[in-house]
Amino acid sequence: MAVTEAERSAMLRAIEIASNGPRGLNPQVGAVILSADGELLAEGWHGGAGTPHAEIEALSALTPEQTHGATAVVTLEPCNHTGRTGPCALALIDAGISRVVFALDDPGAISSGGAARLRAAGVDVASGEQADAARLLMADWLVVQHLGRPHITVKWAQSLDGRAAASDGTSQWITGPAARADVHRRRADADAIIVGTGTVLADDPALTARDGDARYPTQPVPVVIGSRETPSDAALRQHPHAPLFYRTHDLTAVVDNLRERGIQRVFVEGGPTLASAFIAAGLADTVLAYIAPVLLGGDRLALTDVGVGTIVDARRLQVDEWMPLGDDMLAIAHPIVESKGH
Ligand SMILES: NC(=O)c1ccc[n+]([C@@H]2O[C@H](COP(=O)([O-])OP(=O)(O)OC[C@H]3O[C@@H](n4cnc5c(N)ncnc54)[C@H](OP(=O)(O)O)[C@@H]3O)[C@@H](O)[C@H]2O)c1
């Protein structure tokens, strides 16, 4: 059966209320229950890992008489597995729901299959309604499902001759105010901001996202990787979020742990050793290189060893955009995976 006007508006409402839930380990999902004649009976959203899914929230507000023969409109395919909560597909069947409209297929290997289970139980199922809007809502979560880890942006600022600092280690500031404001805007969009101990000790960064003197309303969690101690009076200890310290060089273990904490987007801000280690490990989805018209010379290169011993192993990038920022230029790029040996 084609999606009705009432179901379409219910889906838009479900997408709207989904964002009441937190961004994190689980997707933001909204659900609306309609009576057989299209009247809105209840709504619910997912409040985060370990709490009831959106469909269950919405069903819980209703009596069995109300749910019997009703339609559930959900932004994501009802799940089919027992995790911390039971399968939603089963709960909908048990509640006597006769039709389910959802926007996006569940990409999870374990949790998918809810639509098939509903159909097998005789429930009428329609999928794909407002899929683009739902995909936009869950974009970061979907990327994490696809990559199996958070999305990683590696950023650095460099002189025209490819240096990240002057000979004495000072690097503030290589770029101008427009480039630095751009970095802060992008920091505010990230869930975590990562530096190595070398940068903490050299620059004492605050790792906040600032618009002039004011802090952006959302702040990335500061993360420091490396074995050396961060001083007790380091500026990042004043960050609104408690910093995370990983005393390891195992970047995969770090990003896995960040994922488990519900972090979906990370911003690696260096310095050169850490940025190079992320690139060498194939853990860079986006590269942001801010290039300033200044020459520093010396041996403080923007990148050190990225695992390229010979030119066929060069890490080729595709530039998605060259963006002028004041006197500086930003290259927004992503790695191209090339076949070797030609
Ligand atoms: N231009 C820019 O964009 C920019 C940005 C940031 C910093 N900087 C400049 O960069 C300089 C600091 O450079 P840096 O390279 O020392 O800083 P860094 O990359 O922030 O820190 C390097 C340290 O990170 C730790 N580490 C963690 N994981 C690692 C891994 N997988 N492999 C290797 N090391 C790992 C090691 O410390 P442990 O020994 O403690 O384990 C290592 O010595 C300063 O001059 C600073 O001003 C420039």
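Predicted model: local features only at pLDDT ≥ 70, side-chain atom pairs only at ≥ 80, totals over all residues.

**Exercise 1.** Which helices and strands each supply at least two residues of the shell around the ligand?

Residues are numbered from 1 along each chain as its sequence is written.

*Solution.* Start with the terms: helices (H or I, at least four residues) and strands (E, at least two) are DSSP runs, numbered from the N terminus. The elements are strand 6 (151-159), strand 7 (192-196), helix 9 (197-203) and helix 11 (272-280). Helix 9 gives the most, with five residues. In total, 27 residues surround the ligand, and Gly196 and Gly270 are among the closest.

**Exercise 2.** Is helix 11 mostly covered or uncovered?

*Solution.* Call a residue buried if 20 or more other C-beta atoms lie within 10 Å of its own, exposed if 12 or fewer, and partly exposed in between, with C-beta atoms placed from the backbone. Seven of the nine residues of helix 11 are buried, so by this definition the helix is mostly covered. Among the buried ones are Leu274, Phe278 and Ile279.

**Exercise 3.** Where is glycine 86 found, and why does it count as partly exposed?

*Solution.* First, locate glycine 86 in the loop between strand 3 (71-76) and helix 4 (88-94). Next, glycine 86 is partly exposed because 15 other C-beta atoms lie within 10 Å.

Key. Near = placed C-beta within 6 Å.
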